[in-house]
Amino acid sequence: MITVTRPRILVVGAGFAGVGCVRRLERRLSPDEAEITLVTPSSYQLYLPLLPQVASGVLTPQSIAVSLRRSRRYRTRIIPGGAIGVDLAAKVCVVRTITDRTVNEPYDYIVLAPGSVTRTFDIPGLTDNAFGMKTLAEAAYLRDHVISQLDLADASQDPDERAARLQFVVVGGGYAGTETAACLQMLTHNAVKRYPRLDPRLIKWHLIDIAPRLMPELGEKLGSDAQKILGRRGIEISLGVSIAKAGPEEVTFTDGRVVPTRTLIWTAGVVASPLIGTLGAETVRGRLAVNAEMNLPGHDGVFALGDAAAVPDVAKDEEGAVCPPTAQHAMRQGKVVADNVIAALREQPLRPYKHKDLGLVVDLGGRDAVSKPIGIELKGLPAMAVARGYHWSALRTNVAKTRVMTNWLLNAVAGDDFVRTGFQSRSPAKLKDSEFVHAYLTPEQLRAQVGAAAEGDG
Ligand SMILES: Cc1cc2nc3c(=O)[nH]c(=O)nc-3n(C[C@H](O)[C@H](O)[C@H](O)COP(=O)(O)OP(=O)(O)OC[C@H]3O[C@@H](n4cnc5c(N)ncnc54)[C@H](O)[C@@H]3O)c2cc1C
């Protein structure tokens, strides 16, 4: 009997890029043309741009965790785990499953879309004391943590402790940090009304960034409009400043200020997933250097995209320009990469990725927002409508759309109850606990893992 094996397509990561690719492959390939496998630690695609709204309680965590299995054409085999190394020569991806088993997954075509992790620097105490804002668990934890600071400050008889618990520091003036600071400040501003013993004037939010401007991607005018809106709401913005050291009860700024606080939120950019480093291939500031077809030069079956890859931005005239790490690019690249995998499989020519940036939308909580869709500068309610309309239409399933819309309506009508779930209260959730950046294999470990399996087969 002759067994015909189908080509194996392995997609790593179920974010905007990976899911965009898998859905297109399912739609455009017949089941007997190829076997599609997806490696992902979670069973959902996280709609990251709405994460600050989960932290601030406007949305429930489930509303932005879009199911991977709710799709009419769903047929992909999903391996619950994370890729911890890729051996390009042997065409093997090493996966650690969620039960901590290490398995070798051979492939014919691999699509690398593991996204990014929070960028940290060698600042004393940072990873032990700062919270991140990149995963659903971090957002849910942060919400609980902020509400618990109000609870503890309310109960405390010590004025110093009370003041420290009511100070919050967010590092990172990009859109992620600015939205996080704005949405959480709105949370404490609204919640404090339920704490009649607390003086609202004691609540202080600091937003700091080493750059000279907030959200430079938005341009000078909108960046300064956002700064004014936040300033009016009492958020103290310090530019040209970072942190020198972080402790459990205080943070030292690089300008010498020491801020007593129990809440340091670190959102100072992202770097490509450490998985990319295990390939031993060329990178551009940590992102895998691919061509405009998102193919790794010299490796026909290897593709990479999204935050993990430096995809040339051919829509820009600048030489060496690469697409910024945004969902807008990642989801569109996912579709083109799927078409290119199919083209490679059918021995047809690949097509380059080209997309002209549609601009940015920034939700600052309540009715505050700034946005620049297709170059038009907006603020206030029109900006809010564009921001919410854009995110709503980009959600992949109708169920997710309904959940998000229902949450928005409910929040607008009934507000928030500021309830602390307590699920996370005794488990650590600082940067070092949340992103598993040390799980990846060194080149020697990778060789040993793939070599041992090959010997076992021989
Ligand atoms: C708070 C916040 C707000 C944002 N707001 C916006 C916005 O308004 N507009 C916008 O365009 N962009 C925004 N972004 C950026 C945007 O979310 C990212 O650029 C986008 O998610 C990148 O898509 P991706 O598929 O490359 O990575 P991701 O969406 O991060 O997906 C990566 C996936 O890979 C999985 N993974 C990670 N490591 C492994 C591994 N080793 N093995 C297997 N799977 C792995 C992860 O669990 C995840 O599911 C925001 C980001 C944040 C954090």
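This is a predicted model: local features need pLDDT of at least 70, side-chain atom pairs count only at pLDDT 80 or more; totals for chains, interfaces and linings use all residues.
Parallel pairing is found elsewhere in the model, in an open sheet of five strands with the order E10-E17-E11-E12-E13. Its edge strands are strand E10 (130–131) and strand E13 (235–239), each of which pairs on one side only. Within this sheet, strand E11 (residues 167–171) and strand E12 (residues 204–209) run parallel and are joined by five bridges; the bridge partner of Gln167 in E12 is Lys204.

**The ligand and its shell**

Around the ligand there are 28 residues, of which Ala17, Ala83, Asp307, Ala327 and Tyr440 come nearest. The residues of this shell divide into 18 nonpolar, eight polar and two charged. Helix H1 (16–28), strand E5 (77–87), helix H6 (175–191) and helix H8 (327–345) each supply at least two residues of the shell, and H8 gives the most, with three residues. Backbone atoms of the protein also lie within polar-contact range of ligand oxygen atoms, as the table sets out for Ala17, Thr326 and Gln328.

| Residue | Protein atom | Ligand atom | Distance |
|---|---|---|---|
| Ala17 | polar backbone atom | oxygen | 2.8 Å |
| Thr326 | polar backbone atom | oxygen | 3.3 Å |
| Gln328 | backbone N or O atom | oxygen | 3.2 Å |

Taken alone, the ligand exposes 1,000 Å², and the protein buries 89% of that area.

**Two residues in their surroundings**

Thr40 is found in strand E2 (residues 35–40), and it counts as buried because its relative accessibility is 2%, where the cut-off for buried is under 20%. When residues up to four places away in sequence are not counted, Thr40 touches Ala14, Leu68, Ile78, Ile79, Pro80 and Gly81. The side chain of Thr40 also reaches the backbone oxygen of Ser42, at 2.9 Å.

Gln449, which is found in helix H12 (residues 443–457), has a relative accessibility of 24% and therefore counts as partly exposed, a class that lies between the 20% and 50% limits. Although Gln449 and Gly85 are 364 residues apart in sequence, their C-alpha atoms are 9.5 Å apart in space. Leaving out residues up to four places away in sequence, Gln449 touches Val94, Thr102 and Asn104, and with Asn104 there is a polar contact of 2.7 Å between the two side chains.

Note on methods. Residues are numbered from 1 along each chain as its sequence is written. Side-chain values use heavy atoms; hydrogens and water are left out. Helices (H or I, at least four residues) and strands (E, at least two) are DSSP runs, numbered from the N terminus. Buried means under 20% relative accessible area, exposed over 50%, partly exposed in between (1.4 Å probe, protein chains only). Contact means heavy atoms within 4.5 Å. A polar contact is a pair of N or O atoms within 3.5 Å; within protein, one must be able to donate a hydrogen and the other to accept it, and residues adjacent in sequence count only if both atoms are side-chain atoms. A residue is near a molecule or strand if one of its heavy atoms lies within 4 Å of it. Accessible areas come from the Shrake-Rupley method with a 1.4 Å probe; for residues, only the protein chains shown count as cover. Ala, Val, Leu, Ile, Met, Phe, Trp, Tyr, Cys and Pro count as nonpolar, Asp, Glu, Lys and Arg as charged, and the others, Gly among them, as polar. Two strands pair if DSSP finds at least two bridges between them.
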